[in-house]
Every structure is written in structure tokens, then in C-alpha cells.
Amino acid sequence: LQFKIVYLDDEEALCQIFEDNFDWPELSVKTFVDAEAAIQEIAEHSADLMFIDYRLKGTTADQVSKRLPANLPLVLLTGELNPMPETQFLRIFNKPFRLKELEQFLNDAIREKASSSNIQK
Amino acid sequence: LELALGVLITLCVLGALIYGRKMARFVRSSFRDAAVNKRILDTLNEVAIVTFTDKNGVITEVNDNFCRISGFERKELVGKTHRVVNSGAHDSAFFQEMWSAIASGKSWTADIENRKKTGEHYFVRTVISPILDQDGRPDRYLAIRFDISDQKKAEQSLDAERVKSLRNAKFASLGEMCAGVAHEINNPLGIISGTADLLPKFIDNKDKLRSRVATIQDACERIAKIVKSLRKFSRSDEKAERAICSISDVVDDAIVLTNAKAKRHSTVVTFKSTSVQNIWCDEIEIEQVLVNLINNGIDAVKNQVERWLLISSFDDGAAVVLRVIDSGPGLSKESQLRLFQPFFTTKPVGHGTGLGLSIARGILEDHKATIELVQGEPNTCFEIRFPVAEEQKIAV
């Protein structure tokens, strides 16, 4: 069972990096530069985790998060200088981030999901 | 009512002409009166520095005020030229212009920086009038000077305050920009760092490798562009550095610096230019004015449904016109009246110093440019008119 990730960032190059790096067999990665398309994807197919950039074209991660399922874990990626409140975000990564950091975080998340699935079984 | 007003104005003009002639007759006759002449000279002696020189500029008479203000005794002045109080602040061309005027029989007026006996400088507003001989040639000269040192000091202090305000405004706008610029740099840095991490993965795929290297190069160029727009702000001296500039270049840099804020507030900033003329300006100062106007515009529309700014530039005869229009509904009559007053702001407490537009106008006036709110537009529209850079300056 694949771990489904949605990555939303208006930087196409960052989306490409995410796709290139997380081509792991246990992951299903879908990237979006457009917030509306990402919201629609989650509404139709759900996801296990969403990475979201703070400043997006015409909107912000705050605004997008209000239109997402409340139980969807959100990870904020931000290049903001000022610290962001963690209220609705599971974790915040500051740009420029190292891929190793994200890999570590994702491994933990996948492991956590697997263990919770085992417990449920 | 208009007819009555017209008649009244006509009567006033006629009255002034008749009264003016009578006044002139009175003055002419008064000056023929020796008692009146003496009274005028006594009054001048009380309030001004009065000196007479011969036709070569050698001082023949000085009044007490000259001695009191300059600190020289009468005997130290009479028989000398005004070089004795020359501070060295004016070049030879300045005095050549003076001699050229007075030797041709004309009066000459200027503000002069002189030196006291103590070495301290003082300022005098000077009028030098030639006294003509029977053939109409200058025979000697009368110089009347008013001590304007206090006024000059006040002006210098005002200039210093203005420089200080400008510096503060520069820091304030830099502070605001800093957060946005950090974001704009962190994104391409993330691209460089992430793509560099992935390069080993594509070592056997030359197409992908080439494409990822190009991605890194693009990100580097983005950072370089941002840094370039900031570089000008690092200038440490306070001297204005004016040069021939394209208004489009200045606007482009101002947009780069305000891009983060525009993005944060989902405001689309567009720039269109048909201008082919250049302006003579201090690029940093004009960029500061534009950053200020753009930031104000973004703040003004952040609660609007439509959020956009349209910047346009075009040539209009001897002027380069720059317009900054935002999607806001315009300003109230009260705001329009106080718009350029120092410390006036429409922003909430703590969100604006109110120095922006007053300083912007000051900067523009220094550039012989004007700024005004255009009336009759459906949106808020500021128009700046710069004089076109003159040919001789282009040659420089």
C-alpha cells in the first residue's frame, strides 16, 4: 500500500525536485503548482500527507488549509524569515531545506503509518 | 455676479496703476531730498553691512555693522579689498560673474559665505550697485549686505534633518523589504540545494543532467537579480549620485524589491512602458519613491476583491510620465488634502510612519519632478512627471 503525498508549491523546479527525489516504490507523489488543482485532487482521491508552500499564486497555505479535510496532516515549507505559528501544521520546514531532512521525516511518517495499520489489523 | 467681479477687478487694476505711478513719483521726489537720503542711509546702517569701494574694489568706507560682524577693525578693512573676508567657499567664476555684472553698470545680488577675523564663517545676502560717473561708467561701488547666518544655519539643519529622515525612511523600507527579499532568495536557494543533491542520481542520464544544471543556473540568475536590486541600497555615502537612467530599469528593480509583498497579498503588479526618453536622476532615491508607492498600493488594495497595480510610463513632450494605478476606489477628499503632509497616513496605528509620501514628494522636487493624485480616475492614480534628461547631461 503506497503512502500518498501531495506537494503544492508554485515553484515548478521544487515540484520537480520532489518528484525526482521521492520516486520511492512505497510512495505515490503528486505535485501541483496550482492550489485549486491540489485541493481538487485531495477532495477526489484523498492523501496521507500534504506538503504545502506558504506563499502561493493568489493565495497562502493558511487559506488553502481551511479548504482541506481537517484530518489531513499538513507540512509547511516556507522561505519566510519570521517564524510561522505551528497551529494547523504538523511540521514546518524552512527553505532552503535539505532533502535528507525531508527523507528522514517521510521515513518516520511511513513507519508510523505502517505501525498504526498493523495495530489496527 | 461674474460681471460685478469683472468690474471690480478692472477697477482694482486701474487703481493699482494710478497709485503705482503716484508712488513712483513720490519715491523719486523723496530721493532728491537730502534729509530722506540720510534717513535711508541711517536705517540701512542700523540693519545692514554697508561698504563703499573704489572702482577697483578697494574698500573706502565701512559701517559699524561690518566691523561688528566680521570682527575686523575699520583700519584693517579700509584700503583692502574684500579678499580680507574671503572664506574660499566660492570659486573664481563666482567673483568673475560679479565683476562682469557690476563693471557693466548692473547691480549684482548673491548669497556669499564670508570669513570672520576669528576664522568662523558667516553668510550675507549681498547687493552690489555701481555708482556711475557723469559718463555712465562705474566710478565706485556700494555694497549692502544682510547677515543671513541664522537663516543659513536653519537651512543647513533642515537639510541635515531631511537627510536623516531619508535615511530613516530608507531603513524602514529596507526592513519591510528584508523579509520579502529573504523569501525570494530562499526559494531559488532551495532549488539550487535540492537540485545539487540530486545531480549524482542523473550522472548516467546526460539529458536530465543538462536540464538540472540549467535549473541551477536559472535559480542563480534569480538570486543575482535580487542582489543587484539591493546593491544600490548598500551605498554608504549620502551624496546624491545622479545619472542618465531609463525609468523602465528603475521600475523593474522596484518591482523585484516589492515582489514578495505583492505575492503575499496576492496582488498582481504589471508594468507597461512606451517611454523612450531618459531621466536625470539618483536611481536609489527614485527607486525608493517607487517602492514606497508600490507598497502603499499593495496595502491599499489588500482588502479588495480585485487586487492589482498597473504601472505605466510614457513620454509627454518634455516630460517622462509615470503612473501608478491601484485597484482601490480612490481616496477620500480629506485624505487627498493631507496626502503629502508629513506623518499623515491612512494605515492603522503602527503600520505606517506617514513619512513616505511627504519624503517622496521632497525627493521628486529635488529632481524637478512633480507628483500628484490624478483626479477623475475610477481608481487611485498617482502621476509623476520627470523632466526629460537634457542633451548636455547625456553628453556627460
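A salt bridge is a side-chain nitrogen of Lys or Arg within 4 Å of a carboxyl oxygen of Asp or Glu. The model discussed here is predicted.

Q: What makes the meeting of Arg212(B) and Asp20(A) a salt bridge?
A: The side chains of Arg212(B) and Asp20(A) come to 2.7 Å, N to O, and the limit is 4 Å between a nitrogen of Lys or Arg and a carboxyl oxygen of Asp or Glu, so the pair qualifies. Across the interface of chain A and chain B, the rule finds five salt bridges.

Q: Why is Asp20(A) called buried?
A: Buried means under 20% relative accessible area, and Asp20(A) has a value of 8%, so Asp20(A) is called buried.

Q: Which residues is Asp20(A) in contact with, leaving aside its neighbours within four places in sequence?
A: Asp20(A) is in contact with Leu198(B), Lys201(B), Phe202(B) and Arg212(B), where contact means heavy atoms within 4.5 Å.

Q: How many residues does each chain bring to the contact, and what area do the chains bury between them?
A: The contact takes 23 residues from chain A and 25 residues from chain B, while the two chains bury about 2,000 Å² between them, with 53% of it on carbon and sulfur atoms.

Technical notes:
Residues are numbered from 1 along each chain as its sequence is written. Chains are lettered from A and ligands numbered from 1 in the order in which they are written. This is a predicted model: local features need pLDDT of at least 70, side-chain atom pairs count only at pLDDT 80 or more; totals for chains, interfaces and linings use all residues. Side-chain values use heavy atoms; hydrogens and water are left out. Buried means under 20% relative accessible area, exposed over 50%, partly exposed in between (1.4 Å probe, protein chains only). Buried area is the accessible area (1.4 Å probe) that two parts lose on being put together, summed over both.
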